[in-house]
Amino acid sequence: MAAPGGALNCEDFSMFQEVLKVMRTIDDRIVHALNTTVPTVSFSGKVDATQTCKQLYESMMEAHLSRDKAIKACIAQTSDVVGQLREERAKESENLAIIKQLRKEQTKLKLMQSELNVEEVVNDRSLKVFNERCRIHYTPPKVK
């Protein structure tokens with residue numbers, strides 16, 4: 001699932017978070033998805049649980065990967081901006097506008113880096129729930 005408009009807005013941190021929230025919908029709804037698609041033992045004859053689990057796993061992994069790429073792209077973009085501002089500050093150490101902008105960008109960079117930690121927690125939680133419900137139906141390929 002791609003971000004609306006194809007890319008994450010790295011300029012505005014609140015928009016960045018909003019798009020990530022939308023991109024995390026699959027993880028927020030994993031329990032519901034598993035409850036409605038993976039049958040309990042008494043209903044196991046009516047649904048192909050292996051195929052259902054496989055499809056859910058693949059879409060979950062695709063979502064995790066696209067979010068990871070988007071966050072890392074914004075971190076790289078913001079790091080570049082911080083680097084440029086540091087160079088400007090080195091040339092004009094008294095320019096308050098540059099110093100203020102640099103601090104703002106550094107704060108945004110730290111917040112974006114902390115989103116990687118949030119992402120790890122979200123992914124771990126989703127995989128744990130997935131494994132609890134799907135382990136008897138589908139074993140995902142080993143991640144290298």
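Are tyrosine 57 and tyrosine 138 buried or exposed? In this predicted model, tyrosine 57 is buried, as is tyrosine 138.

**View 1. Ring pairs join Tyr57, Phe130 and Tyr138 into a cluster.** The whole structure contains 3 aromatic pairs. In one of them, the ring centres of tyrosine 57 and phenylalanine 130 lie 5.4 Å apart with their planes at 45°, so the pair is tilted. Because tyrosine 57 belongs to helix H4 and phenylalanine 130 to helix H5, this pair ties together parts 73 residues apart in sequence. Tyrosine 57 is buried, with a relative accessible area of 8%; for phenylalanine 130, also buried, the value is 0%.

**View 2. Tyrosine 57 and tyrosine 138 form a tilted aromatic pair.** The distance is 5.9 Å from centre to centre, and the angle between the planes is 55°. Tyrosine 57 is located in helix H4, whereas tyrosine 138 is in the segment after H5, so the pair ties together parts that are 81 residues apart in sequence.

**View 3. Arg86, Arg89, Arg103 and Lys110 form a positive surface patch.** Helix H4 (49-91) and helix H5 (96-134) are the elements that each contribute two or more residues to the positive patch. Arginine 89 is placed in helix H4. The relative accessible area of arginine 89 is 35%, so this residue is classed as partly exposed, the range for that class lying between the limits of under 20% for buried and over 50% for exposed.

Terms used:
Residues numbered from 1 in each chain as written. Predicted model: local features only at pLDDT ≥ 70, side-chain atom pairs only at ≥ 80, totals over all residues. Heavy atoms only, no water. Patch = residues over 30% accessible without salt bridge, like charges linked within 9 Å, V, L, I, M, F, W, Y side chains within 5 Å. Areas by Shrake-Rupley, 256 points an atom, 1.4 Å probe, with all protein chains shown as cover. Salt bridge = Lys/Arg side-chain N within 4 Å of Asp/Glu carboxyl O. Lys, Arg positive; Asp, Glu negative; His and termini not counted. Charge placed at Lys NZ, Arg CZ, Asp CG, Glu CD. Helix = DSSP H or I, 4+ residues; strand = E, 2+ residues; numbered from the N terminus. Buried < 20%, exposed > 50% of the residue type's maximum accessible area, 1.4 Å probe, protein only. Phe/Tyr/Trp six-rings, centres within 6.5 Å; stacked < 30°, edge-to-face > 60°.
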